[in-house]
Amino acid sequence: MAETYQLIVIGGGPAGLAAACKAWEQGLRRVLVLERDCELGGILNQCIHNGFGLHRFGEELTGPEYAGRYIAMLAETGVEVRLDTMVLQLVPGRDGHPHEVHAVNGKQGYQVLQAQAVVLAMGCRERTRGAISIPGERPSGIFTAGAAQRFLNIEGYMVGRRVVILGSGDIGLIMARRMTLEGAKVLACVELMPYSGGLTRNIVQCLQDYNIPLYLSHTVTDIRGHDRVEQVVVSRVGPDRQPIPGTEMVFDCDTLLLSVGLIPENELSRGAGVEIDPRTRGPVVAENRETSIPGIFACGNVLHVHDLVDFVSAESERAGAAAAQYVQAQDAAPGAPAPAAAIPVQAGEGVSYTVPQHLHPAALAAGAELFFRVRRVTKTANILVEDANGARVAKFARTHLAPGEMENITLPAALLARATPPLTVRIEEVQA
Amino acid sequence: MYDVVIIGCGVVGAATAYRLARYDLRTLVLEANNDVANATTKANSAILHAGYDPEPGTKMAALNVEGNRMAIEICRRLDVPVKQTGSLVLAFTPEQLPHLQTLYDRGTANGVPGLQLLSGDEARALEPNLSTEVCGALLAPTAAVVDPWGFALAMIETAVRNGVELHRSAPVTAIRAGEGGGFVLATPQGEVETRFVINAAGVNADRVHALLEPVDWRMQPSRGEYYLLDKSEGGRVGRVIFQCPGPEGKGVLVAPTVHGNLIVGPNAEPVTDRRDLGNTAAGLAFVKARAMQSVPSIRFGENIRNFSGIRANTDRDDFLIGWSKAYPGFLDLAGIKSPGLTSAPAIGKLAADMLGEAGLPLTEKPDFLDERHVVRFRYATPEQKAALIAKDPRYGRVICRCETITEGEILDAIHSPVPATTVNGVKRRCNAGMGRCQGGFCGPRVQAILARELGVSPTEILMDQAGSWVLCGETKQTEEVPTHG
Ligand SMILES: Cc1cc2nc3c(=O)[nH]c(=O)nc-3n(C[C@H](O)[C@H](O)[C@H](O)COP(=O)(O)OP(=O)(O)OC[C@H]3O[C@@H](n4cnc5c(N)ncnc54)[C@H](O)[C@@H]3O)c2cc1C
Ligand SMILES: Cc1cc2nc3c(=O)[nH]c(=O)nc-3n(C[C@H](O)[C@H](O)[C@H](O)COP(=O)(O)OP(=O)(O)OC[C@H]3O[C@@H](n4cnc5c(N)ncnc54)[C@H](O)[C@@H]3O)c2cc1C
């Protein structure tokens, strides 16, 4: 016998928490959050540094404090939570229920749950050594930065004494400082690209303040050691990002941390048949974060990788509200037709992706907020939004753009009304 | 006094132990490593070859064809993942077509069932992702893909359940003839006496032999490198796809793995350091380029792991299976290069028969246990899953999220007849950490479960072999760090 809910939220990180709170606030009363970990909060639980919540709460919180605020808000609602519960499958439902969620835990066993709407909030995972095929031996001592962070911050163990970090994403930078404070020697942070992938504030506060050298346009070309890492070889790369022979530097170290990117965790979404954008590796969504399957919404890192949790929360509240609206509309008029065809938003020159990937005409009346990443570091530039005829819909001037920092713009309704779809977002560099 | 001591517990040692376990004998297996199946047996193409490669009349030819049949039977009996996918050898140019004919003729002489020569179009009808350049192929329906370490583990576990003794972390460092016949073997754990010795030391079989007497053949270790791609690429081909061997050696293969991933490799590179299992940029680039000739659409961006294995190649063409001339009672199972994984059960059977001929009484035990069942939560039906969790709630706790491996399965691995004691030992037994995140998420959890079950600190748990430590101590107990209970 299946249990039924109005909304099931998969994942109890900041995205799932915000979506569930919002859906409750909007009037849903049978809401369930499923979280595979034994506590709520997602990746924030291991981010014990400051720097969360400046936008959302106007103050600097640690990750667990930020999560704590939302966990407290959720506790005020009647939202049901199942921890230690892994969702295995999302499939079309039976007996008139649109969606069926299969989950397991030790207490309730194998659960088949019916839902009118689902919010995907599964977060992301780290790219590994395999994903970038680093040559060399395969000893112990090679960790993704997040795994090392978990060992240090949750389990209370050190993973090494002499460390090289590959990748200058935020997690790597945070770990450079964390390992240093724990008494390890961080010998180098090595970045393939000519610019860092992390936030500028983290470069300053985590590397420069501790005199940790950052090698831009470099990569790891060999790992030595049969059993534990003994040496890491770093080489300079050319403009084609290929290592330049003769530039090798050998570091004697016992640990290599990898901070080489995050991948949205969409195996469940794929299994459900949700359309995935190959650029974000997350679902294709409209402005309300609805995916290609009506009634399934996505938000947070499962949708696209965010730098700041504050934006995760904002996006997830949007998804939670939309899910509530969807359920209420279905209740009012069962089988209501899907909304009219949407207007595509495309990533043009200098832009690697946009979220949302399309807009519903009805939503345009309220203006549209677009999130995207640029391909290159640029000083002075314009963000241009153009329509199908190449006519300019909007222009936003910027003095600094970097792939490591997510951009967002809001298109006012008045400008959108005149545009012929599809819309394209591109970057126009301005010569100083 | 043992009747038989087997040196080495790769697939050959394990298959021999499994064969001997059915007889009323005192058998001991000495393994240098801290775990079994942790050398060449864990790093190869994982193919049960059909048997058209070896020259007719060689030991290799007979053992391969018999081994293929036996291995599939054993896998089914001992609950080892195996899938008889069949294989194709491709020809890209008309000049290569005669080579397919040669393989066909050899296979027929070797007794390989069901071989068939196909046109390029026929091959593409079976495997739509093959290159348009393919102009002919040899189909061998009996080829299979297998879990290679799982195969070896199943055999040694069954042997141990039937009374064979196994000592791990027991490298044989000296061998001498015993006073009253037989042999005395030294390991750091002490000396053992035995009537017969079987040398199944893989790529170090020459060194083990040299402990007793000079070796009259040469080991020429050759390394092969691989890509292992995510399950999202696992359906790229349905069969094992080989190329015609060319002047640069055997071609690169593309194959589904029995776990649903895609394996691509190997190259062939002579090495001197037999422990250097490194990957090289050049080797990987070669493998990738060659594989794209067969299947151009492979998305290498989906790679989750590279690895390499060392072939026990020698200066001889055949397996080196035979008694020492000066020391009867010392049997070499040496030079077991490819298709050694396939041939292992037949090699084990041959070794047992040779012991019998040499005077060892082979009396079958009436109570030989020849079965094994492994819980694999992910393949169970919802009803079976519910029943498993009802029996033990720990089957409801998913630890490895990529492969859906539960705490219950990890505990099974830690408490199996040949217990896992390391993170990779757990991985080999139940797949935790094998998936796309490569243990990034479950690694710390597996470490904690191992420590708890073995009653030691997590800092003592190794990733793999001796020296492969993971943690170097506790963090400073500063205020911001939660203390560890
Ligand atoms: C090291 C690091 C430093 C950071 N620093 C900052 C910072 O300084 N400032 C800042 O604002 N942001 C920072 N962030 C970013 C912020 O933490 C993330 O953006 C945010 O946690 C993403 O939220 P999420 O809910 O989408 O994903 P997650 O936090 O990853 O949560 C996803 C949840 O879903 C659960 N889940 C997944 N699949 C399933 C399933 N099948 N069944 C059940 N449950 C499932 C997971 O267990 C997890 O709890 C940092 C992140 C990291 C890793
Ligand atoms: C790249 C590659 C691809 C291959 N592909 C295939 C394939 O697809 N199909 C196939 O059939 N075959 C294949 N093979 C061959 C197959 O993998 C091997 O033939 C087989 O694994 C050999 O098993 P083994 O038990 O002889 O050696 P190993 O697995 O190497 O085991 C030998 C054991 O002996 C131990 N040992 C060594 N010295 C001592 C000592 N002094 N004391 C105690 N113990 C000791 C070692 O620690 C080790 O555990 C491939 C091989 C390679 C390298």
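In which loop of chain A does Pro422(A) lie? Pro422(A) sits in the loop between α10 (413-417) and β28 (423-429) of chain A. Helices (H or I, at least four residues) and strands (E, at least two) are DSSP runs, numbered from the N terminus.

## About the model

This is a predicted model, in which local features need pLDDT of at least 70, side-chain atom pairs count only at pLDDT 80 or more, and totals for chains, interfaces and linings use all residues. Residues are numbered from 1 along each chain as its sequence is written, chains are lettered from A and ligands numbered from 1 in the order in which they are written, and side-chain values use heavy atoms, with hydrogens and water left out.

## The loop between α10 and β28 of chain A

The peptide bond between Pro421(A) and Pro422(A) is cis, with omega about -5°. Arg418(A) also belongs to the loop between α10 and β28 of chain A. Arg418(A) is exposed, with a relative accessible area of 67%. Here buried means under 20% relative accessible area, exposed over 50%, and partly exposed in between (1.4 Å probe, protein chains only).

Arg418(A) can also be placed relative to Asn266(A): the two are 152 residues apart in sequence, and their C-alpha atoms are 36 Å apart in space.

## Ligand 1 in chain A

Ligand 1 is surrounded by 32 residues, and the closest are Ala15(A), Glu35(A), Ile43(A), Asn301(A) and Val309(A). A residue counts as near a molecule or strand if one of its heavy atoms lies within 4 Å of it. Glu35(A) has a polar side-chain atom 2.6 Å from an oxygen atom of ligand 1. Polar backbone atoms take part as well: that of Ile43(A) is 2.9 Å from an oxygen atom of the ligand, and that of Asn301(A) is 2.8 Å from an oxygen atom of the ligand. On its own, ligand 1 has 1,000 Å² of accessible area, and the protein covers 95% of that area. Accessible areas come from the Shrake-Rupley method with a 1.4 Å probe; for residues, only the protein chains shown count as cover.

Two or more residues of the shell come from each of α1 (14-25), β3 (50-52), β6 (86-92) and α8 (309-332) of chain A. The largest share, three residues, is that of α8(A). By class, the shell has 16 nonpolar, eleven polar and five charged residues. Ala, Val, Leu, Ile, Met, Phe, Trp, Tyr, Cys and Pro count as nonpolar, Asp, Glu, Lys and Arg as charged, and the others, Gly among them, as polar. Domain 1 (3-125 + 263-338) and domain 2 (128-260) of chain A each give at least three residues to the shell. Domain bounds come from an automatic or database domain assignment.

## Ligand 2 in chain B

Around ligand 2 there are 36 residues, of which Glu31(B), Thr41(B), Ile47(B), Ile336(B) and Thr342(B) come nearest. A backbone N or O atom of Ile47(B) is 2.7 Å from a nitrogen atom of ligand 2. Oxygen atoms of the ligand are found 3.0 Å from a polar backbone atom of Val12(B) and 3.1 Å from a backbone N or O atom of Leu341(B). The protein covers 95% of the 1,000 Å² of accessible area that ligand 2 has on its own.

The elements giving two or more residues to this shell are α1 (11-20), β18 (303-311) and α8 (340-357) of chain B. Its residues divide into 20 nonpolar, 13 polar and three charged. At least three come from each of domain 1 (1-80 + 146-217 + 315-373) and domain 2 (87-141 + 222-311) of chain B.

## Helix α5 of chain A

Helix α5 (residues 170-181) of chain A has twelve residues and spans 17 Å from its first C-alpha to its last, close to the 16 Å expected at 1.5 Å a residue. The expected span is 1.5 Å times one less than the number of residues. Nine of the twelve residues of α5(A) are buried, so the helix is largely enclosed by the rest of the structure. Among them are Leu173(A), Ile174(A), Arg177(A) and Arg178(A).

## Backbone details in other loops

Arg289(A) has a positive phi, near 70°, and is not a glycine. Arg289(A) lies in the loop between α7 (267-272) and β20 (296-298) of chain A, and counts as buried at 1% relative accessibility.

In chain B, Ser169(B) has a positive phi of about 50° although it is not a glycine. Ser169(B) is in the loop between β9 (165-167) and β10 (174-177) and is partly exposed, at 35% relative accessible area. A cis peptide bond runs from Ser338(B) to Pro339(B), with omega near 5°.

Note on methods. A polar contact is a pair of N or O atoms within 3.5 Å; within protein, one must be able to donate a hydrogen and the other to accept it, and residues adjacent in sequence count only if both atoms are side-chain atoms.
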